[in-house]
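Here's a quick tour for anyone meeting this structure for the first time. Have a look at the sequence and the model, then read on.

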Amino acid sequence: MSESNIKGIMDTTMDKLRAMVDADTIIGTPVMVGDITILPVSKVSFGLATGGSDFPSKTQSDLFGGGSGAGVTIQPVAFLAIDGNGIRVLPISSDTSSVDRAISMAPELIEKVKSLFQKNQKTEEENSQN
């Protein structure tokens, strides 16, 4: 089987996949609603299969048969809502794993830790002034 024939099939298939799936597919275009910016977040899954075969012949030695296929699934999973109060993750489905829940809680947790440090700094400044 000719390496260049399989490579050509795979390159063409991957180029088509790249055209369909890019960063804008995963984190969508921002939408402004009043003073809130909403970003859609999607999960992208894809599969790829490529194959080929040589067909030996006494009269012609350069025969080749091959094919490829791919499938893509794009599933919306959440929205990011950004406003003056911070960032919130709004999941679409309640069927989430513990990892998904931890990721969705991360912005809120970061804000709480940040406010805690700010309170501690104010307390230390007040104590140092007294």
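The chain has a mean pLDDT of 76, and 81% of its residues reach 70 or more; pLDDT is the predictor's confidence in each residue, from 0 to 100. Confidence is highest in strand E1 (residues 31-33), at 89, and lowest in helix H3 (residues 98-129), at a mean of 73. Where pLDDT is low, the predicted coordinates should not be read in detail.

This is a predicted model, so local features need pLDDT of at least 70 and side-chain atom pairs count only at pLDDT 80 or more, while totals for chains, interfaces and linings use all residues. Residues are numbered from 1 along each chain as its sequence is written, and side-chain values use heavy atoms, with hydrogens and water left out.

## The overall layout

The chain holds three helices and four strands, and along the sequence they come in the order α-α-β-β-β-β-α. Both kinds of element are DSSP runs, numbered from the N terminus: helices are H or I with at least four residues, strands are E with at least two.

Of the 130 residues, 12% are buried. Here buried means under 20% relative accessible area, exposed means over 50%, and partly exposed is in between (1.4 Å probe, protein chains only). The accessible surface is about 10000 Å², with 57% of that belonging to carbon and sulfur atoms; areas come from the Shrake-Rupley method with a 1.4 Å probe, and for residues only the protein chains shown count as cover.

## Ser45 and its partners

Which residues does Ser45 touch, leaving aside neighbours within four places in sequence? They are Gly71, Val72 and Thr73, where contact means heavy atoms within 4.5 Å. Ser45 sits in strand E2 (residues 36-54) and is partly exposed, at 34% relative accessibility.

Val72 is 27 residues away from Ser45 along the chain, yet their C-alpha atoms are 5.8 Å apart.

## A salt bridge and a patch

Side chains of opposite charge can pair when their charged atoms come close. The count here is one salt bridge (a side-chain nitrogen of Lys or Arg within 4 Å of a carboxyl oxygen of Asp or Glu). Asp83 and Arg88 form it, at 3.7 Å from N to O, and Arg88 is partly exposed at 43% relative accessibility.

Phe79, Leu90 and Ile92 make a nonpolar surface patch of about 250 Å². Patches take residues with over 30% relative accessible area and no salt bridge, joining like charges within 9 Å and nonpolar side chains (Val, Leu, Ile, Met, Phe, Trp, Tyr) within 5 Å. Phe79 lies in strand E3 (residues 64-83) and is partly exposed, at 33%.
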